[in-house]
Amino acid sequence: MFRFMAPLRVGEPCMLCHAKQGYKVGDIRGGIGVIMPAASTLASFSDQVSRMLLVHAVAYIAVSGLLALLFFKTQAHIQALSDAKHAQEALVQKRTQELTAANAALGRSNAELEQFAYAVSHDLQEPLRMVASYVQLLGRRYQGKLDADADAFIGFAADGAKRMQRMITDLLDYSRVQSKSDPFQPVALSEALDLALGNLDLIIQETEAKLSLPVGGMPTILGDKSQLGRLFQNLIGNAIKYRDTGRPPEITIAVTWKKPFWALSIQDNGIGIEPQHFERIFRVFQRLHGRDKYEGSGIGLAICKKIVERHGGRIWVESQPGQGACFCFTLPAIPEAERSD
Ligand code: ADP
């Protein structure tokens, strides 16, 4: 069917849409349009073309449907993933808060315990001093005047009081590592080692101990000089104390760099330690030998552990019975930005 379009004079408003078609204001616009009824037009196509059109239409609808389904499924999956991520983040945040709170509580209870240990050991010193003095007085005044049992009992009491005094002093020392410590400042480890060697001079000479110091010198770290001196003294003192009686003590001190830590080791050629005691010996008052064999109260290594941990490091032992022991510890290096050299 043809449709005749009446002639129109092109005006200004027409130019908004028809300027591109080459019209100018004043031109006459019009023409003949063709209108085709869909059913009869389709009917005029051949069967083959109709089938092809139908197949394409069905395929188009099916693919569009699939794509839409895929889109909605993916959306749902993304949403589920994002929900799970949020739930996980919330859980991590909750756990972190719980952990922070537990850490703070632990810190408080540790501080209270230390304060308690300090107060108890400090306050016990005075009455114990009195007990020890009077037992000694009894011993001096009545030694040989009562029977043999009485002499032995007074001896045991005096010995017990002396041991208890030593334990209390050690406990006080232990609690002071944290509570009565100096603020950290740059410490040359060689100076801390010199402090220790000065205090051990006599025993080193007596036992003819041979010491090998690190060839490349020792680093400077941020720490507490007197505590680091104590650390070296306890470890070197033990290396001499637990020597093998069949050979003079040989002690090798070494330092290596294990970013961001300095790793130090004190190796001896003494009696060694069985692996099942590696953890235990760092606990307060834990000893592997009787006092009759080796003098001591079992707090030296506990103090070493506390000093190393206060400095942000870790301490452990490597050993085999009869083959010496190697006490190793790490100390954080001064961060590059804070070094003065
Ligand atoms: P103490 O020497 O007063 O017993 P420590 O805490 O210093 O206390 O040591 C705990 C225990 O660890 C010691 O009793 C000893 O058995 C063992 N020990 C420590 N150092 C060494 C060492 N260098 N070689 C062998 N055993 C050691």
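**Figure 1. A salt bridge joins Asp170 and Arg166, with 3.6 Å from N to O.** A salt bridge is a side-chain nitrogen of Lys or Arg within 4 Å of a carboxyl oxygen of Asp or Glu. This is a predicted model: local features need pLDDT of at least 70, side-chain atom pairs count only at pLDDT 80 or more, and totals for chains, interfaces and linings use all residues. Residues are numbered from 1 along each chain as its sequence is written, and side-chain values use heavy atoms, with hydrogens and water left out. Asp170 and Arg166 are four residues apart in helix H4 (residues 148–179), so about one helical turn separates them. Helices (H or I, at least four residues) and strands (E, at least two) are DSSP runs, numbered from the N terminus. Asp170 is buried, with a relative accessible area of 8%, while Arg166 is partly exposed at 37%. Here buried means under 20% relative accessible area, exposed means over 50%, and partly exposed lies in between (1.4 Å probe, protein chains only).

**Figure 2. Glu98 and Lys94 form a salt bridge in which the closest N and O atoms are 3.7 Å apart.** Both residues belong to helix H3 (residues 47–142), and their spacing of four residues puts about one helical turn between them. An α-helix has 3.6 residues a turn, so residues three or four places apart point the same way. Glu98 is partly exposed at 40% relative accessibility, and Lys94 is also partly exposed, at 45%.

**Figure 3. Asp244 pairs with Arg247 in a salt bridge, with the closest N and O atoms 3.4 Å apart.** Asp244 is partly exposed at 23% relative accessibility, and Arg247 is partly exposed at 32%. Elsewhere, salt bridges that share partners join Lys94, Arg95 and Glu98 into one network. The count of salt bridges comes to twelve.

**Figure 4. The largest nonpolar core has 40 residues, of which Phe232, Leu235, Ile236, Phe327 and Phe329 touch the most other members.** A nonpolar core is a set of buried Ala, Val, Leu, Ile, Met, Phe, Trp, Tyr and Cys residues joined through side-chain atoms within 4.5 Å. Among the elements that give two or more residues to this core are helix H5 (189–199), helix H7 (225–241), strand S6 (250–258) and strand S9 (325–332). H7 gives the most, with seven residues. Leaving aside neighbours within four places in sequence, the contacts of Phe327 (heavy atoms within 4.5 Å) include Leu235, Leu264, Ile281, Leu301 and Trp316.

**Figure 5. Helix H7 is largely enclosed by the rest of the structure, because twelve of its 17 residues are buried.** Among these buried residues are Gln227, Phe232, Asn234, Leu235 and Ile240. The expected span of a helix is 1.5 Å times one less than its number of residues. For H7 this gives 24 Å, which agrees with its end C-alpha atoms being 24 Å apart. At the start of H7, a side-chain oxygen of Asp224 reaches to within 3.3 Å of the backbone nitrogen of Ser226.

**Figure 6. A cis peptide bond joins Lys259 and Pro260, with omega about 0°.** Pro260 lies in the loop between S6 and S7.

**Figure 7. Glu208 is not a glycine, yet has a positive phi of about 55°.** Glu208 sits in the loop between helix H6 (201–207) and strand S4 (210–212), and is exposed at 59% relative accessibility. Phe285, also not a glycine, has a positive phi of about 60°. The loop between S7 and H8 holds Phe285, which is partly exposed at 27%.

Definitions and conventions
A polar contact is a pair of N or O atoms within 3.5 Å; within protein, one must be able to donate a hydrogen and the other to accept it, and residues adjacent in sequence count only if both atoms are side-chain atoms.
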